[in-house]
Amino acid sequence: MSCETVALDDAAKQIVIIDQTKLPEETRMLRLSTIDEFYTAIYLLQVRGAPAIGVFAAFAAYLCACGIKADDYEGFITEFDKCITYINSSRPTAVNLSWALRRMRDTAAAHSDEAVDGIIDALREEALLIRREDEEACRAIGENALTLLRPGFGLLTHCNAGSLATSRYGTATAAMYLGHERGYDFHIYCDETRPLLQGARLTAYELANAGMDVTLQCDNMAGALMASGKIDAVLVGCDRVAANGDTANKIGTSVVAVLAKHYNIPFYVCGPMSTIDSSIACGADIPIEQRKPEEVTDMWYTHPMAPKGIKVFNPAFDVTDHSLITAIITEKGIFYPPYSL
């Protein structure tokens, strides 16, 4: 990518993002400076992908802190808590959102004996650290994943767990980027990922622009593709991992996992340690975001493609059972069953 997915313009007190709702037709940069703009960007998926949301949330918390008028820590933290609570309510499933905001809150508390200006300085450094850690983690995930792959492999991915979802490299795509640099000649297949088409609009867009061999397919073609023998491994990202290894990822991921199991194809989940939520025992306890029906019935169409008033089931994520996951690949290493995270 020629520009960062999420960047901090500290001088202007703005977050600069690629508006992912406009891709691939238009690369539009947004400059956001208010808490309502921060909330809306997350909710409308202008910024998306668990790691990128975490980085964005850290920058948002810092900029909110810059606008707080308080003389002491107690006055500051009261207002700061209101800000991070509001931002945290924008999306429930991706744990990186609450994880990053909790880190920012803990940083403020650790500097409670300093003047408010000192607290704000510490928050800035923490936000920038979260961004650096994400890039480093993604590269390490890629290096670890690459040990499981061989040159010439056919790889299938679902949704977008690429550079657009992180600070750089992506999670599920990190090994693809590194392999491309090293001449692995992967043949990559992208599910379009209904209903928001993150695979078609985002993954296919960024990998093709990087010069990779990419083929797009409709979600319900995955079984036929696997049966053809063209897929050697599946790599997907994740938004939250439960303690038992169940993972929440974009809707349709669990279907791909079931198919991979049937065709004896390794199914790898790639994500930073920050996506692991040990407070959640299993996938049944992960909150799943329900989105507007118009994303299924009207979006992408000139005219509605469903009967007016029809009821719509539109969860943003589904849970892949740990029994379907060959390994969970993180920056700290590769976890194999039985999972105890």
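Let me start with Thr-253, which sits in helix 9, the helix that covers residues 253-262. Keep in mind throughout that what we have on the screen is a predicted model. Thr-253 counts as buried because its relative accessibility is 1%, and, leaving out residues up to four places away in sequence, it touches His-158, Val-236, Phe-267, Asp-318 and Thr-320. Ser-228, by contrast, is 25 residues from Thr-253 in sequence, and the two C-alpha atoms are 20 Å apart in space.

Nonpolar side chains in soluble globular proteins tend to be buried together. In this model the largest nonpolar core has 41 residues, and those with the most contacts inside it are Phe-56, Phe-76 and Phe-80. At least two residues of this core come from each of strand 2 (14-18), strand 3 (29-32), helix 1 (35-43), helix 2 (50-66), helix 3 (73-88), helix 4 (95-110) and helix 5 (116-146). Which helix gives the most to this core? That is helix 2, with 13 residues.

On the helix 2 side, the residues making the contact include Pro-51, Gly-54, Val-55 and Ala-58, while the helix 5 side includes Ile-120, Leu-123, Arg-124 and Ala-127. Sorted by class, this contact has 12 nonpolar, 1 polar and 3 charged residues.

Arg-103 is found in helix 4 and, at 18% relative accessibility, counts as buried; leaving out residues up to four places away in sequence, it touches Glu-126, Leu-129, Ile-130 and Glu-133. Ala-110 is also found in helix 4, but it is exposed, with a relative accessible area of 57%. Ala-110 and Pro-195 are 85 residues apart in sequence, and their C-alpha atoms are 43 Å apart in space.

Next, please find helix 6. Of the 8 residues of this helix (residues 174-181), 6 are buried, so it is largely enclosed by the rest of the structure. The buried ones are Ala-174, Ala-175, Met-176, Tyr-177, Leu-178 and Gly-179, and they pack against helix 5, strand 4 (154-157), strand 5 (187-191) and helix 7 (198-209). Following helix 6 comes Gly-183, whose phi is positive, near 75°.

That brings me to the backbone. Most residues other than glycine have a negative phi, and most peptide bonds are trans. Leu-45 has a positive phi, near 70°, and it lies in the loop between helix 1 and helix 2, where it counts as buried at 9% relative accessibility. Gln-46 lies in that loop too and counts as buried at 15% relative accessibility; its contacts, apart from neighbours within four places in sequence, include Ile-17, Asp-19, Leu-30 and Thr-40. Cys-159 has a positive phi as well, near 65°, is placed in the loop between strand 4 and helix 6, and is buried at 5% relative accessibility. As for cis peptide bonds, one runs from Leu-23 to Pro-24, with omega near 5°, and Pro-24 belongs to the loop between strand 2 and strand 3. Another runs from Pro-337 to Pro-338, with omega near -5°, and Pro-338 is in the segment after strand 13 (333-335).

Let me finish with the cysteines. How many disulfides are there? The count comes to 0, where the cut-off for a pair of cysteine sulfur atoms is within 2.5 Å. The sulfur of Cys-66 is 9.1 Å from the closest cysteine sulfur, that of Cys-64, and therefore too far for a bond. For Cys-218, the closest cysteine sulfur is in Cys-190, at 13 Å, which is again too far for a bond. Cys-66 is partly exposed, with a relative accessible area of 23%, and Cys-218 is partly exposed with a value of 28%.

Technical notes:
Residues are numbered from 1 along each chain as its sequence is written. This is a predicted model: local features need pLDDT of at least 70, side-chain atom pairs count only at pLDDT 80 or more; totals for chains, interfaces and linings use all residues. Side-chain values use heavy atoms; hydrogens and water are left out. Buried means under 20% relative accessible area, exposed over 50%, partly exposed in between (1.4 Å probe, protein chains only). A nonpolar core is a set of buried Ala, Val, Leu, Ile, Met, Phe, Trp, Tyr and Cys residues joined through side-chain atoms within 4.5 Å. Helices (H or I, at least four residues) and strands (E, at least two) are DSSP runs, numbered from the N terminus. Contact means heavy atoms within 4.5 Å. Ala, Val, Leu, Ile, Met, Phe, Trp, Tyr, Cys and Pro count as nonpolar, Asp, Glu, Lys and Arg as charged, and the others, Gly among them, as polar.
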